[in-house]
Amino acid sequence: MAAYCFDDVTLRAGEAQSPAEVKIDITKTFQTIQDFGASDCWTAEYISDYFSTTQKEKAARWLFSQKMDANGCPEGIGLSCWRVNLGAGSASQGSASNIEDETRRVECYLNSDGTYDWTRCDGQQWFMKQAKDYGVEHFLLFSNSAPIYFTKSGKANTNNQSLSCNLKTDRFDDFAEFLASTTKHFVDEGYNVTYIDPVNEPRFDWKDGQEGSPWENSDIAKLVKELDKSITNRNLSTKILIPEASSWDLLYSGTGRASKQINAFFKSSSSTYIGDLPSLAKVVTGHSYWTFGNNSDLKDIREKVRDAAQEYGLEVMQTEWSMLDAAPSTSAGFPASYDAATKMDIALYMGKLIYCDLNYGNMSGWSYWTAFAQERYSQKNRFYLIRMNAQGDSGEESYGDIKNGGTLTADKNLWVLGNYSRFIRPGYKRVSVDGADEMNNLMGSSWLSPDGNTLVTVLVNMNKTSRNISLSLADKSIESIKTYVTNKINNLRLTPALSDASNMEIPARSVVTVVATLDNSSGISTIKNDNRNDNKIYSLSGQLINNPSKGIYIKNGKKYVVK
């Protein structure tokens, strides 16, 4: 049985299953990726204000860097989108905000007299600046509540009232102006604000605990019309994203508030139709909460979203997920409970979820909620990419006051997301993969670069045993590959042992990214700089092969195909 040595740590695979022939056809294409991202809610502000420069710079590097370290491993996950919360002003109300957790109270750039204070949210702005400097391509601004001056309750939530919308009827245009003015400010500061999202999870009541507002579909349509005017008047290219549904099924089904939202906004005969507004993105957004507990939901619900969106020519973007809700079922490959799960189990299941969102939902973007959090209440890593450890904490969990500073820890969620985000860049197009679609075993998606020279394949092995695969392309050959492994002992580790695409053993319970450089010459041609004439058979990466299976090989300096 093969052994993999990473950082002087040997990982011995279990008894391997039967080899999988993973065949990729780059002529069959699907969605183009826009970005992978994460949200700054709510503690980016606290890290910047209270943690040391060393710690917060480390966090920015982990999230945004696209560089490799001295060992050829990614030093960060290269997010291509940073999702920035526009606060409603609950922080100015303190304990009277009806938000008990101080970290969930947010400042607002707008003053009660209509002027703006751009020195606020300085911690959020520090991370925005870091993201821009690292080359993050897209910024998404989103609002959980209208500014407190415009709400019916006078708070950034309904203040324990049963409301269908917490925005005063005569303040829709004012809220739109706030959103557009804030967008214009950051565009002028050099940020590529590609999207502005005015509402978030409109189905919920949002009575207390954080900033949030319920919305009827009619209210959302009214607000978007006003926001379209405000954006147009400022000549902004930023597009409006809606509706940030809390679960995918609300986009195509359901009853009551904020249901059947694709038809509501994009069906021309609907009373709330807004699909012809020039600033409204032809994209429908939602969150992967509540629909990830079993394999049927992971596949069927996402396919229904895909089909409903395609009826109106819409893209689908997943803009928020963490492991909220009950533990996934054992039938979906998750341990018996959260208590029984390891942090790698949780991260691996996220890798599976991303696969399902991208492959079944045909989604063009995927973001995590949220980048930073403390670990509490035996929740493990369900709610963060980077763990915050408050100064003076001891033990496995963190309950200290983060205003006293502390340290940060990169978690398995960060690196598994990086298996996708670091290598599948904006503009890459998903291509057909056959032979890696077993939801409790081996799953794989492949992505082709715009120039056609690079193919990125992300493989998720849910099984407790390793899996041998042969990766091949139809009518195309692979010149060279690099592989990056995340499992219980490795974090996006460059792995020379997995350098032969025709014979790879994917470690148990791992996510592996294969970055292949393609040979774009036509037909079967002579290999450059390879004049070996010894009648031996080599892989395209130059490894001696004794018993070739199906694939493309080199013999006597020539390529040939074994079918």
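Predicted model: local features only at pLDDT ≥ 70, side-chain atom pairs only at ≥ 80, totals over all residues.
Two strands pair if DSSP finds at least two bridges between them.

Strand β13 covers residues 386-390. On one side, β13 is joined to strand β14 (residues 406-410) by five bridges. The two strands run antiparallel. Here I386 stands opposite A410 of β14. Strand β13 also pairs with strand β12 (residues 372-374). That pairing is parallel and spans three bridges. Within it, A373 has R387 of β13 as its bridge partner.

How many residues of β13 are buried? Five of the five are, so the strand is largely enclosed by the rest of the structure. Buried here means under 20% relative accessible area. In a regular strand, side chains alternate between the two faces of the sheet. In β13, both faces are covered. I386, M388 and A390 are buried on one side. R387 and N389 are buried on the other.

The helix pair comes next. Helix α2 (residues 53-64) packs against helix α3 (residues 122-133) at an angle of about 45°. Their axes lie 10 Å apart. The angle makes α2 oblique to α3. The crossing of the two helices is right-handed. On the α2 side, the contact is made by K56, E57, A59, A60 and F64. On the α3 side, W126, F127, Q130 and A131 take part. By class, this contact has six nonpolar residues, one polar residue and two charged residues.

Notes: Residues numbered from 1 in each chain as written. Heavy atoms only, no water. Axes fitted to C-alpha atoms, helices over the stretch in contact; angles between N-to-C directions. Helix = DSSP H or I, 4+ residues; strand = E, 2+ residues; numbered from the N terminus. Parallel < 35°, antiparallel > 145°, perpendicular 65-115°, else oblique. Left-handed = near helix turned anticlockwise from the far one by under 90°. Contact = heavy atoms within 4.5 Å. Nonpolar A, V, L, I, M, F, W, Y, C, P; charged D, E, K, R; others polar. Buried < 20%, exposed > 50% of the residue type's maximum accessible area, 1.4 Å probe, protein only.
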